Amino acid sequence: MNWFVTGTDTGIGKTLVSSAMLSLLAGSGLRAVGMKPVAAGLEESDGEWRNEDVEQLHAAGNVDAPLSQRCPYLLRAPMSPHLAAREEGVHISLLPMLSAFAELSARADAVVVEGVGGFCVPFGDDLDSADLAVALGLPVILVVGLRLGCLNHALLSAEAVRARGLVLAGWVASVVDPSMLAPQANLQTLRARLGTPLLGVVPHLQHPSAAQAARHIDLRALRATAAHAARRAAAEESAALA
């Protein structure tokens with residue numbers, strides 16, 4: 001039971017949704033852990049440099065995995081990962097991220113992998129977030145930030161996910177602009193056009209937390225898509241061995 005969480009943009013609630021998922025999974029009795037393969041932007045706290053997203057994911061799960069597994073690439077500058085990595089002389093590559101995911105999978109029943117920004121954010125000259133999603137081969141959950149322009153962003157993101165051969169398992173609406181005009185009409189349009197289950201609508205929360213957001217998310221619809229993804233992975237593995 002592992003998923004890759006991506007979004008229509010940065011700052012639209014991916015970490016909150018991912019944390020809510022972890023809270024629900026842990027609350028159901030599963031060993032659940034969050035992973036942020038690449039995180040850019042550190043703040044000093046108690047003499048240590050920390051990334052807020054990584055800390056939130058860790059707090060929401062119930063598996064105490066080392067930071068090197070939960071976030072193989074922790075970058076200082078709050079900018080696109082390829083720029084932050086270039087500034088630090090770091091080369092982001094797939095192998096450390098895939099190895100960390102394998103180690104987390106051995107520790108947990110469920111791993112929620114949160115991407116960076118949108119689906120195709122660059123990691124370097126020859127690697128981006130979409131490449132990582134393909135290498136992991138996980139069902140994808142799309143977080144849609146509800147604000148002006150979300151229809152185009154959501155539909156393009158869904159198209160990009162499917163063009164990479166991945167399963168779009170579901171989507172979550174995150175109300176980032178509470179003054180948005182016609183929110184219900186936008187939701188109706190997205191439900192009709194995305195062609196995958198709506199897992200919940202997270203309202204604009206004054207003091208957001210994983211527990212609060214979890215009240216607005218229902219993961220039961222993911223069972224069917226997870227089973228479909230598992231069958232497809234097994235079929236692809238059999239074909240490769242044939």
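Which helix is S157 found in? The legends below answer this and visit several other spots in a predicted model.

**Figure 1. A serine in helix α7.**
S157 is found in helix α7, which runs over residues 150–163. With a relative accessible area of 10%, S157 counts as buried because the cut-off for that word is under 20%. Which residues does S157 contact, once neighbours within four places in sequence are left aside? They are G7, T8 and L142.

**Figure 2. The whole protein, as a setting for the close-ups.**
The secondary structure comes to 10 helices and 12 strands. Along the principal axes, the C-alpha atoms fill a box of roughly 55 × 45 × 40 Å. The radius of gyration is 17 Å, which agrees with the value near 18 Å that a compact globule of 242 residues would have. Buried residues make up 46% of the 242 residues. Among contacts with a separation of 6 or more, 76% join residues 24 or more positions apart. The accessible surface comes to about 11,500 Å², and 52% of that surface belongs to carbon and sulfur atoms.

**Figure 3. The largest pocket and its lining.**
Here we look into the largest pocket, whose volume is about 740 Å³. Of the 37 residues that line this pocket, G11, I12, G13, T15 and D53 are the closest to its centre. Several elements each supply at least two residues of the lining: α1 (14–27), β3 (38–40), α2 (52–60), β7 (110–118) and β11 (168–175). Which of the elements gives the most to the lining? That is α1, with 4 residues. By residue type, the lining divides into 17 nonpolar, 13 polar and 7 charged.

**Figure 4. S18 in helix α1.**
The helix that gives the most to the pocket lining also holds S18. Is S18 buried or exposed? S18 is buried, with a relative accessible area of 0%. Not counting residues up to four places away in sequence, S18 touches V5, L57, V112 and E114.

Take V112 as an example of how the chain folds back: L22 and V112 are 90 residues apart along the chain, yet their C-alpha atoms are separated by 7.0 Å.

**Figure 5. G170 in strand β11.**
G170 is placed in strand β11, one of the elements that supply at least two residues of the pocket lining. This glycine is buried, with a relative accessible area of 0%. For a sense of scale, find A77: G170 and A77 are 93 residues apart in sequence and 31 Å apart in space, C-alpha to C-alpha.

**Figure 6. L127 in strand β9.**
L127 lies in strand β9, which covers residues 127–128. L127 is buried, with a relative accessible area of 9%. Its contacts, apart from neighbours within four places in sequence, are I92, S93, L94, M97 and P122.

**Figure 7. A positive phi at A182.**
We finish in a loop. A182 sits between β11 and α8 (183–194). Most residues other than glycine have a negative phi. The phi of A182, however, is near 50°, a positive value in a residue other than glycine. A182 is partly exposed, with a relative accessible area of 45%.

Key:
Residues numbered from 1 in each chain as written. Predicted model: local features only at pLDDT ≥ 70, side-chain atom pairs only at ≥ 80, totals over all residues. Heavy atoms only, no water. 1 Å grid on protein atoms, 1.4 Å probe; cavity = no way out; pocket = protein on both sides within 12 Å on 5 of 7 lines; lining within 4 Å. Points joined across faces, edges and corners; volume = space filled by probe spheres on them. Nonpolar A, V, L, I, M, F, W, Y, C, P; charged D, E, K, R; others polar. Buried < 20%, exposed > 50% of the residue type's maximum accessible area, 1.4 Å probe, protein only. Contact = heavy atoms within 4.5 Å. Rg over C-alpha atoms; globule rule 2.2 N^0.38 Å. Areas by Shrake-Rupley, 256 points an atom, 1.4 Å probe, with all protein chains shown as cover.
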